[in-house]
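Here is a short briefing on the structure below.

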Amino acid sequence: VPMVAPGNVQVHVINSTLAKVHWDPVPLKSVRGHLQGYKVYYWKVQSLSRRSRRHIEKKILTFRGNKTFGMLPGLEPYSSYKLNVRVVNGKGEGPASPDKVFKTPEGVPSSPSFLKITNPTLDSLTLEWGSPTHPNGVLTSYTLKFQPINNTHELGPLVEIRIPANESSLILKNLNYSTRYKFYFNAQTSVGSGSQITEEAVTIMDE
């Protein structure tokens, strides 16, 4: 098997889900056989928004021939990763380069995990929600938009409310009685807004 690990491994993080890795080629004499390519082993060490450590699953990408760089797609935003590089000949893999640590920046969050509308009165509704399963960063706020829907399914004026990121419920007051409302709800990080969840609810007709 090859004797030497690739040297001077560098990682260039392009965005929250993509990084480029490059390395110096090993001396051909040290390959001790036919150079088939290089393998990059990489794995997520932890999410930076959640301190929990999960089962670490190593991923492997193979770059054929004498390539000295490669792309690592499909990374998770706002996470810490490690990688190393090995050279491959017909017999197997050489030693791994020292582990290199890199971090991906924040991305936009996934949609809130749920939006529940309860306690209808004549002029109020209570909203409860769950934070996104994948925050992909530090949540900065939620945005709630809502509008009335009349009997011919036309949409009325849209109202928009910013809600602090640490809240998980809200009582909406001063609504019209016996009116159907449509709600659009999403979360934000400093990068931008995530995908929204929608829901409808009706205020009651009379006490």
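How many salt bridges does the rule find across the interface of domain 1 and domain 2? The rule finds zero there, a salt bridge being a side-chain nitrogen of Lys or Arg within 4 Å of a carboxyl oxygen of Asp or Glu. The model is predicted, so local features need pLDDT of at least 70 and side-chain atom pairs count only at pLDDT 80 or more, while totals for chains, interfaces and linings use all residues. Residues are numbered from 1 along each chain as its sequence is written, and side-chain values use heavy atoms, with hydrogens and water left out.

**Domains and interface**

- The domain assignment gives domain 1 (7-104) and domain 2 (112-202); such bounds come from an automatic or database domain assignment.
- Taken over C-alpha atoms, the centres of the two domains are separated by 42 Å.
- Four residues of domain 1 are in contact with six residues of domain 2 (contact means heavy atoms within 4.5 Å).
- The two domains bury about 410 Å² between them, 52% of it on carbon and sulfur atoms; buried area is the accessible area (1.4 Å probe) that two parts lose on being put together, summed over both.
- Arg50, Pro77 and Tyr78 supply 78% of the area that domain 1 buries against domain 2, more than any other three residues.

**Serine 141**

- Serine 141 lies in strand S10 (residues 141-149); strands are DSSP runs (E, at least two residues), numbered from the N terminus.
- Serine 141 is buried, with a relative accessible area of 9% (buried means under 20%, exposed over 50%, partly exposed in between, with a 1.4 Å probe and protein chains only).
- Leaving aside neighbours within four places in sequence, serine 141 is in contact with Arg162, Ile163, Pro164, Ala165, Ala187 and Gln188.

**Threonine 68**

- Threonine 68 sits in the loop between strand S4 (59-64) and strand S5 (69-72).
- Threonine 68 counts as partly exposed, at 28% relative accessibility.
- The C-alpha atoms of threonine 68 and histidine 22 are separated by 5.6 Å, although the two are 46 residues apart along the chain.
- Beyond neighbours within four places in sequence, threonine 68 is in contact with Val21, His22, Trp23 and Pro25.

**Positive phi in a loop**

- Asparagine 174 lies in the loop between strand S12 (169-172) and strand S13 (180-188).
- Asparagine 174 is not a glycine, yet has a positive phi of about 60°.
- At 70% relative accessibility, asparagine 174 counts as exposed.
- Serine 178 lies in the loop between S12 and S13, and its phi is near 50°, a positive value.
- Serine 178 counts as partly exposed, at 36% relative accessibility.

Terms used:
Helix = DSSP H or I, 4+ residues; strand = E, 2+ residues; numbered from the N terminus.
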